[in-house]
Amino acid sequence: IQQISFEYASQDKAGEIEIRKNSVAGPIIGKAKFEPTGGWGKMKWTDTQLDNPQDGFCDLYFVAVKKDKPNNNLIKFKTIGFK
């Protein structure tokens, strides 16, 4: 996997999607920024290149983060694409 794409909705918050390897606390191997879409039904796409393309199998964790508060109800995923 060299690139991951996300189709998402975010009511009114911006932040990042961290791609972590093997656990929610694992090393970050990619980040994608997301921005508000204006509604939970309005979708947008964002993508990221992986810092260290993966050979073999590992678990990937997608963690939505926003450093400042409020930092709940951030994002809804619809589609995740792997390239």
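Student: Which residue in β6 is the bridge partner of Ala 9?

Tutor: This is a predicted model, in which local features need pLDDT of at least 70, side-chain atom pairs count only at pLDDT 80 or more, and totals for chains, interfaces and linings use all residues. Residues are numbered from 1 along each chain as its sequence is written, and side-chain values use heavy atoms, without hydrogens and water. Strand β1 (residues 3–9) runs antiparallel to β6 and is joined to it by six bridges; strands are DSSP runs (E, at least two residues), numbered from the N terminus. In β6, the partner of Ala 9 is Lys 76.

Student: What is the order of the strands in the open sheet?

Tutor: Two strands count as paired if DSSP finds at least two bridges between them. The pairing here is antiparallel, and three strands make up the open sheet, in the order β4-β1-β6.

Student: Why is one side of β4 and of β6 left without a neighbour in the sheet?

Tutor: Strands β4 (44–49) and β6 (76–82) each have a single partner strand. One side of each therefore lacks a neighbour, because both stand at the edges.

Student: Is Thr 46 buried or exposed?

Tutor: Thr 46 lies in strand β4. The cut-offs for relative accessible area are under 20% for buried, over 50% for exposed and in between for partly exposed (1.4 Å probe, protein chains only). At 13%, Thr 46 is therefore buried.

Technical notes:
Helix = DSSP H or I, 4+ residues; strand = E, 2+ residues; numbered from the N terminus.
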